[in-house]
Amino acid sequence: LAPRHSKGKGFYGRATYLSEDPAYGLGGTYAYRVPGHDGRRQQLLVVRLAAGAVKDYAGAVNTETKSLSMPPIRLERPPVVRYDTIKAGPHRPFVSGPGTAGESDASTIYCAYEYDL
């Protein structure tokens, strides 16, 4: 689950994207399709995230969020302290922009970043 393998084109930049709802990624472009099954068999990786200090963006998607390569700064004083992860959503995997809680394909997502301390 290394963010360095991310294409960096998501709503929240280059990160490892995780969703609360496992159905979020199934059936869409986020699903891993097992070779040799004509795209009909998918794999789902179930993980538990130790989120640490979380920045909540709610449904915000803008130029700033799309350019993230590290979580935003939490404390400015020396040393600078960043959030560990961000939380956002609900988002829908097949629609650009935020979703509405209760929509069958909408899920809150978490983004974990890799950065040097």
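**Sheet pairing, surface and backbone geometry of the chain**

The chain exposes about 7,800 Å², of which carbon and sulfur atoms supply 51%; accessible areas come from the Shrake-Rupley method with a 1.4 Å probe, and for residues only the protein chains shown count as cover. The model is predicted: local features need pLDDT of at least 70, side-chain atom pairs count only at pLDDT 80 or more, and totals for chains, interfaces and linings use all residues. Residues are numbered from 1 along each chain as its sequence is written, and side-chain values use heavy atoms, with hydrogens and water left out.

The secondary structure of the chain comes to 1 helix and 8 strands, where helices (H or I, at least four residues) and strands (E, at least two) are DSSP runs numbered from the N terminus. From the N terminus on, the elements follow the order β-β-β-β-α-β-β-β-β. Of the 117 residues in the chain, 32% are buried; buried means under 20% relative accessible area, exposed over 50%, and partly exposed in between (1.4 Å probe, protein chains only). Among contacts in the chain between residues at least 6 apart in sequence, 58% join residues at least 24 apart, a contact being heavy atoms within 4.5 Å.

An open sheet is formed by 4 strands in the order β1-β8-β7-β4, with mixed pairing; two strands pair if DSSP finds at least two bridges between them. The edges are held by β1 and β4 (54-58), each with a single partner strand, so one side of each is left without a neighbour in the sheet. Neighbouring strands of this sheet are turned by 25° against each other on average, direction ignored; the axes are lines fitted to C-alpha atoms, for helices over the stretch in contact, and angles run from 0 to 180 degrees between N-to-C directions. Strands of a sheet pair through backbone hydrogen bonds, either parallel or antiparallel.

Strand β7 (residues 85-91) is joined to β4 by 4 bridges, and the two run parallel. Val54 has Thr85 of β7 as its bridge partner, and Asp56 stands opposite Lys87 in β7. Between β7 and strand β8 (residues 107-112) there are 5 bridges, and these two strands run antiparallel. Here the bridge partner of Lys87 is Tyr110 in β8. Because 6 of the 7 residues of β7 are buried, this strand is largely enclosed by the rest of the structure.

Ala51 lies in the loop between β3 (42-43) and β4. With a relative accessible area of 16%, Ala51 is buried. Ala51 touches Asp84 and Thr85, residues up to four places away in sequence not being counted. Ala51 and Cys111 are 60 residues apart in sequence, while their C-alpha atoms are 9.0 Å apart in space.

Two cis peptide bonds can be described. The bond from Pro78 to Pro79 is cis, with omega near -10°, and Pro79 is found in the loop between β5 (73-75) and β6 (81-82). The peptide bond that joins Gly89 and Pro90 is also cis, with omega about 15°; Pro90 has its place in strand β7. In strand β4, Ala58 has a positive phi of about 55° although it is not a glycine. Ala58 counts as partly exposed, at 39% relative accessibility.

On the surface, Leu26, Leu44 and Val46 form a nonpolar patch with about 290 Å² of accessible area together. Patches are made of residues with over 30% relative accessible area and no salt bridge, like charges being joined within 9 Å and nonpolar side chains (Val, Leu, Ile, Met, Phe, Trp, Tyr) within 5 Å. Leu26 lies in the loop between β1 (16-19) and β2 (32-33) and is partly exposed, with a relative accessible area of 36%.

Side chains of opposite charge can pair when their charged atoms come close. A salt bridge is taken as a side-chain nitrogen of Lys or Arg within 4 Å of a carboxyl oxygen of Asp or Glu, and by this rule the count comes to 1. The side chains of Arg40 and Asp38 meet in a salt bridge at 4.0 Å, N to O. Both Arg40 and Asp38 are exposed.
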